[in-house]
Amino acid sequence: MAGQSPPYYTPISKPTATTINNPWKRTNLYTLAFITFLCSLSYFLGVWQHGGASITSTTSQVILPCVLSQNISTRTPSASSSNGKALDFESHHNSATIEAKESVKIYPPCDIKYSEYTPCEDPKRSLKFPRDRLIYRERHCPAKNELLKCRIPAPHGYRNPFKWPLSRDLAWYANVPHKELTVEKAVQNWIRYEGDRFRFPGGGTMFPNGADAYIDDIGKLINLKDGSIRTAIDTGCGVASWGAYLLSRNILPMSFAPRDTHEAQVQFALERGVPALIGVIASKRLPYPSRAFDMAHCSRCLIPWGQYDGVFLIEVDRVLRPGGYWILSGPPIRWRKYWKGWERTREDLNEEQTGIENVAKSLCWKKLIEKDDIAIWQKPYNHLQCKKFRKARKNPPICPAQDPDKAWYTKIETCLTPLPEVSDAEEIAGGELEKWPKRLNAIPPRIIKGTVNGVTAEIFQENSKLWKRRMAYYKTVNNQLGQAGRYRNLLDMNAFLGGFAASIVDDPVWVMNIVPVEAKVNTLGAIYERGLIGTYQSWCEAMSTYPRTYDLIHADSIFTLYKDRCEMEDIMLEMDRILRPEGSLIIRDDVDILVKVKKIADGLNWDSQIVDHENGPMEREKLLFAVKLYWTAPASSETAS
């Protein structure tokens, strides 16, 4: 690794002949040995009292800071120091071999057929579930005895993605070797195949002039420039061109589409460096809190909005912020002009649009405009007037008392999620948000109002300061964090208030903030109020994403959280699945846990190193920095020829 490396532990050096012949140095040596003996005795007595946990890694000796002055430097030594090995975070594409070690469990490569394996959206498993309302395309995870205990291979010839913003327009064919969309969507200009790469012209079904021009058209109808719109959700996103071009406007999208017949839509989105998840609106709530997004979008996303008592639009209403916008383009909008090209009857299209209009009215949405191919509705700022309106019209009913942020395997109900109470018609339910970028560091309304259990304004401010300090330390250990373009897609497995993402927001990266379902406090709503994005997840299950999604994974106390809940190796195998070759990891946890983590990391063929806490060696919490080494599946007979 270029630059500086962190303090690290090294074995005590052997004495030289000069030391042996010098009586003064011999005395110092005896003193040192005696002190070392006492420290070791004291330490192992402590270990015995705490259950006998070992502190010794199988690949590198970890000496706790007992004889501090002689063996541990509190300064940051240079990378050329001979006292220890520094991690190399650069991209090299070197193939790696595994050296078997007696006490390390080696995790072999999986078969190449698992190269794009998404455990909870496995097409074979999904066929066992009902097709009605696309339930079969929801999450259906394997049982514990079905979990793979091997490492998912990258396809032969895999290369690091193009750096952002070039990646918005280009991706290597070897990374996502699927040409189906280039044929199926050729007329719509989604994607082109050019030799060893794909090109994304920014086209879409409803934006033949490109996503940029389409967003400009939206910007003529609502204000996309003043910072009031920061987060957006794209339902049925395709290859996420809409989201890709929103990013240049400081609008952060969350794009999703099911794993379906259009192969690798979400995989292409992630390869382009655009936030995306595999997902579908079916029978379960979307894995986001209520009042999360400033804008929701559907461009010919083929979701039957007016059917099933409007349940899908009711779910959009739940995740849409008060005053937020819903944008619809494509059938049935402007059906009078396009009905012949859509190969549908006028009556059918008219009925579909009438159904959508009726559901929107029942949700108290106001239709702002329908111009050319675009229609826009706005959600009310509060439900004060809506409640009066609903005395005459009670369909759908207002939901009974519930947690509107609960959204992990939570059934969608055909009832209106009530907004927080207000005292007058002009008040914004839940509290008014600052415009971006002030929104990032302003205290979230949920915290101000005391609805995030145990989190106060003071805790929020202290957390922000903490993460500035932590990120500065991270960048001294992994100096690639400070180099634009080395990383693009980042994952924070236990985000709390989004401090990790906020501390790196000025870099050309995006962070998927995860609030584990098992966390004591649900903070995801506050993360969205900061203008960041994320999702719920239980790390006892696989994430709804393709292999090789993320360039860097950050995990704060994950293994402490999941102790006695599920297997450490299964969580780490999932981390390995979703991390790119030559991707990096930062894992924070108690030293005893990290030693076990390192042992598994060795079996996964990660290059890893335990380093001190940013506050120094006396903290029990340590950090493990790791790099997933580059390796791919071997060349097939077709590839070789």
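Biologist: What makes the 3.4 Å pairing of the Lys622 and Asp612 side chains a polar contact?

Modeller: In this predicted model, the side chains of Lys622 and Asp612 are joined at 3.4 Å. The cut-off is 3.5 Å between N or O atoms, so the pair counts. The Lys622 side chain also reaches the backbone oxygen of Pro617, at 2.8 Å.

Biologist: Why is Lys622 called buried?

Modeller: Its relative accessibility is 3%. Buried means under 20%, so Lys622 qualifies. Lys622 sits in strand E17, residues 621–628.

Biologist: How do you know that E16 and E17 pair?

Modeller: At least two bridges are needed. E16 and E17 share 6, in the antiparallel sense. One of the bridges joins Ser608 to Ala626 in E17. Helix H20 (residues 591–603) packs on the sheet there, touching E15, E16 and E17.

Biologist: What makes E13 and E16 edge strands?

Modeller: The open sheet has 7 strands, in the order E13-E12-E11-E14-E15-E17-E16. E13 (534–537) and E16 (606–611) each pair on one side only.

Biologist: Why does Asn513 count as buried?

Modeller: Relative accessibility is 0% for Asn513, and the limit is under 20%, so Asn513 is buried. Asn513 belongs to strand E12, residues 510–516.

Biologist: How do you know that a polar atom of the Asn513 side chain makes a polar contact with the backbone oxygen of Ile533?

Modeller: The two atoms lie 2.8 Å apart. That is within 3.5 Å. Beyond its sequence neighbours within four places, Asn513 also has contacts that include Asp492, Leu524 and Thr535.

How values were computed: Residues are numbered from 1 along each chain as its sequence is written. This is a predicted model: local features need pLDDT of at least 70, side-chain atom pairs count only at pLDDT 80 or more; totals for chains, interfaces and linings use all residues. Side-chain values use heavy atoms; hydrogens and water are left out. Helices (H or I, at least four residues) and strands (E, at least two) are DSSP runs, numbered from the N terminus. Buried means under 20% relative accessible area, exposed over 50%, partly exposed in between (1.4 Å probe, protein chains only). A polar contact is a pair of N or O atoms within 3.5 Å; within protein, one must be able to donate a hydrogen and the other to accept it, and residues adjacent in sequence count only if both atoms are side-chain atoms. Contact means heavy atoms within 4.5 Å. Axes are lines fitted to C-alpha atoms, for helices over the stretch in contact, and angles run from 0 to 180 degrees between N-to-C directions.
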